[in-house]
Amino acid sequence: MINTDVIIVGSGIAGFTLAHLLLKSGIKFIVLDRIQKRRPIALAETVPPAALPLLESLDLLKIFERTAHKKTYGYHALWGSNELQTNHFYRHNPYKYGLKINKSAIIDHFRKELEKYIIPNTRFNLSRSTDKKIIVESFLHNSTHRIEGKIIVDATGRNRAVLKKIGVTTIDLDSLNSFTCHIPRIKHKNLVHDVITEAFEHGWGIISGLNSELQVMTIFTNPTSIIHPQLSNFTNWKKILQHTHYLKYFLPSKPQSKVKGGLANSSRSETTAKDFWIAIGDAAMAYDPLSSHGITNAIYTTKTASQAIVDSLQQKANAFEIYNTVNDTIVHEYFKNKNQMYRSEKRWKTSQFWKSYHSDLESAKNLIFG
Ligand SMILES: Cc1cc2nc3c(=O)[nH]c(=O)nc-3n(C[C@H](O)[C@H](O)[C@H](O)COP(=O)(O)OP(=O)(O)OC[C@H]3O[C@@H](n4cnc5c(N)ncnc54)[C@H](O)[C@@H]3O)c2cc1C
């Protein structure tokens, strides 16, 4: 039996950042690191300039910069009109650039730093002892670890594996899905930055530079849209994107990877911490990739959660309530901004995607604020 204070389930940016912060605070913890057969497809997530001071305040900026695919200096968008809009980061202070992070490289870095505290696993069971301790059984092939702790952290992203076991409800704010693949890197003469977002009748797409040879292309739509069943097959993309201004230009005859589908919707857990558990990163609140806010959210929730955990272990009153209140305020503000962004696109009033999206937003608003 391993005795610890905090059991972190999930080894993404949120889980490992929390482990890094708890190590600095001298709190005992264990990370359950799920072994996956394949590495997830690289998304080259953008961390915007406004998030870099947060990384610096946690002494993480050097790691993120050193491992990053590249710096990024702005982006283009065709959203709400046919006119190309350009946003340059050189107007931002104190950092005039953002980062295209290399998530796998950051995670590899943390795996080395935190080696002694990691338990690789493929699945886990969760129960509570009569004296209210958390008991986790972690399984890997034929070996089992039994871990006893005081607080369990859900850092399993949109899976919310811990919350599901406890019975905490997820609130889906919409039903956006993503379809991603890698394509060869080419330049367009009108574009100075290597990120472009474009809305079209049945959804929207983004092209984002990964390295000197590849870029990442993602198409977003809803499960009810007519293009949804066709998007897993790259050969359909040419027809789907034929009326776009820029996205179609980048389409190669053959992609450099398989198309990988997944969830990209905004969602949150009904509450983000209670009694003996706390959720961080996407498990607490998952953002629409349009916001470029997922990584910042993972780091920020981790920062506030680490304080809540320290306070809770010291028996300070309201530690988790404060965490919940901060998150409620953030999600309220995020939702308002996202709502405005989607509503600013009015070109395809009869499109299933844009119509259903607006009505999803309406019902979600009732769920959160009703
Ligand atoms: C297409 C797309 C583009 C995006 N672009 C951006 C962007 O430009 N900028 C940005 O900031 N964000 C972006 N995001 C969002 C960003 O990737 C996420 O918000 C961020 O990675 C969340 O980190 P996390 O650690 O909370 O979760 P995750 O990265 O999902 O990590 C969860 C971890 O938990 C593990 N896990 C899952 N289930 C279990 C289980 N049952 N047991 C144990 N472990 C488990 C997983 O293996 C994984 O290691 C994008 C997302 C998508 C889908």
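1. Let us start with a pair of strands. V6 has F29 as its bridge partner in β3. Strand β2 (residues 6-9) and β3 (29-34) run parallel and are joined by 4 bridges. Strands here are DSSP E runs of at least two residues and helices are H or I runs of at least four, numbered from the N terminus; two strands pair if DSSP finds at least two bridges between them.

2. A word on what you are looking at. This is a predicted model, in which local features need pLDDT of at least 70 and side-chain atom pairs count only at pLDDT 80 or more, while totals for chains, interfaces and linings use all residues. Residues are numbered from 1 along each chain as its sequence is written.

3. Back to β2, which is covered on both faces: V6 and I8 on one side, and I7 and V9 on the other, are all buried. Buried means that 20 or more other C-beta atoms lie within 10 Å of the residue's own, exposed means 12 or fewer, and partly exposed is in between, with C-beta atoms placed from the backbone. Leaving aside neighbours within four places in sequence, V9 is in contact with residues including L32, F124, I152 and V153. Contact here requires C-beta atoms, placed from the backbone, within 7 Å.

4. I7, I8 and V9 also belong to the largest nonpolar core, of 57 residues, where they are among those with the most contacts, as are L18, V153, I278 and I280. This core lies between domain 1 and domain 2, because both give residues to it. Apart from it there is another core of 29 residues, among them Y75, W204, L210 and L241. A nonpolar core is a set of buried Ala, Val, Leu, Ile, Met, Phe, Trp, Tyr and Cys residues joined through C-beta atoms within 7 Å.

5. Now the domains themselves. Domain 1 covers 1-42 + 104-170 + 267-370 and domain 2 covers 43-101 + 177-264; such bounds come from an automatic or database domain assignment. Their centres, taken over C-alpha atoms, are 24 Å apart. The contact draws 25 residues from domain 1 and 34 residues from domain 2. On the domain 1 side, α1 (13-25), α4 (103-113), α7 (294-313) and α9 (352-369) each give two or more residues, and α7 gives the most, with 6 residues.

6. Where does the ligand lie? It lies between domain 1 and domain 2, since both give residues to the shell around the ligand. The shell has 33 residues, and the closest are G10, G12, G157, G281 and G294; a residue counts as near if its C-beta atom, placed from the backbone, lies within 6 Å. Here too α7 gives the most, with 4 residues. By class there are 12 nonpolar, 18 polar and 3 charged residues. Ala, Val, Leu, Ile, Met, Phe, Trp, Tyr, Cys and Pro count as nonpolar, Asp, Glu, Lys and Arg as charged, and the others, Gly among them, as polar.

7. One more sheet is worth a look. This open sheet of 3 strands has the order β4-β8-β5, with antiparallel pairing. At the edges stand β4 and β5 (70-72), each with a single partner strand, so one side of each has no neighbour in the sheet. T72 has G98 of β8 as its bridge partner.

8. Finally, Y73 sits in the loop between β5 and β6 (74-78). Y73 is partly exposed, with 18 other C-beta atoms within 10 Å. Not counting residues up to four places away in sequence, Y73 touches H88, F89, Y90, Y97 and H193.

Methods: Contact = placed C-beta atoms within 7 Å.
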